[in-house]
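The entries below follow the order in which I checked them.

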Amino acid sequence: MSRYELKPRNGSGIIKVAVGWDRPLQTFFAQVFSPTDAEPEEGEATIWVGTEPGELPTPEAAIRVVEAYADIPETLATRLLADMTATVGVKDGAHQVEAKQRLFGSLH
């Protein structure tokens with residue numbers, strides 16, 4: 001799994017933005033965090049896409065989710081694609097297989 005924290009845009013009220021590649025779910029993901037009274041520094045994920053197998057199939061799909069909230073480095077899509085490519089052929093371990101069966105009813 002990879003994860004890149006991005007700089008939130010000024011004035012957005014967002015405290016953290018992240019995108020990455022989740023190899024076990026075979027999806028990219030995108031998260032946007034807003035402050036809460038209980039967690040003013042860490043916040044709560046008010047947007048979290050890419051929690052289902054294959055939900056965001058391309059780096060560009062993940063970037064589109066967060067581009068309104070963060071500054072996007074020019075090389076981000078390339079880095080995310082490299083993260084995915086580096087995991088081609090990697091098999092799930094026993095615990096990942098068990099978790100997928102429990103969560104999704106199949107191995108995906």
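Entry one, Arg 102. I looked up how open this residue is in the predicted model. Arg 102 has a relative accessible area of 62%. The cut-off for exposed is over 50%, so Arg 102 counts as exposed. I then looked for its partner and found Glu 98, with the two side chains meeting in a salt bridge at 2.8 Å, N to O. Glu 98 has a relative accessible area of 42% and is partly exposed. Both residues sit in helix α3, which covers residues 94-104. They are four residues apart, about one turn of the helix.

Entry two, Lys 16. Is Lys 16 buried or exposed? I found a relative accessible area of 13%, and since buried means under 20%, Lys 16 is buried. Lys 16 forms a salt bridge with Glu 42, and the closest N and O atoms are 3.0 Å apart. This pair links distant parts of the chain, 26 residues apart. Lys 16 belongs to strand β2 (residues 16-22), while Glu 42 is in the loop between β3 (27-34) and β4 (44-49). I noted Glu 42 as partly exposed, at 45% relative accessibility.

I found a salt bridge between Arg 3 and Glu 5, with the closest N and O atoms 3.8 Å apart. The cut-off is within 4 Å, so this pair counts. Arg 3 is partly exposed, with a relative accessible area of 35%. Glu 5 is exposed, at 53%.

How many salt bridges does the count come to? I wrote down four.

I moved on to two helices, α1 (residues 59-66) and α2 (residues 76-85). They pack at an angle of about 135°, and their axes are 9 Å apart. α1 passes α2 in a right-handed crossing.

Which residues make the contact? From α1, I listed Pro 59, Glu 60 and Ile 63. From α2, I listed Leu 76, Ala 77, Leu 80 and Leu 81. Sorted by class, the contact of α1 with α2 has six nonpolar residues, no polar ones and one charged residue.

How values were computed: Residues numbered from 1 in each chain as written. Predicted model: local features only at pLDDT ≥ 70, side-chain atom pairs only at ≥ 80, totals over all residues. Heavy atoms only, no water. Axes fitted to C-alpha atoms, helices over the stretch in contact; angles between N-to-C directions. Left-handed = near helix turned anticlockwise from the far one by under 90°. Contact = heavy atoms within 4.5 Å. Nonpolar A, V, L, I, M, F, W, Y, C, P; charged D, E, K, R; others polar. Buried < 20%, exposed > 50% of the residue type's maximum accessible area, 1.4 Å probe, protein only.
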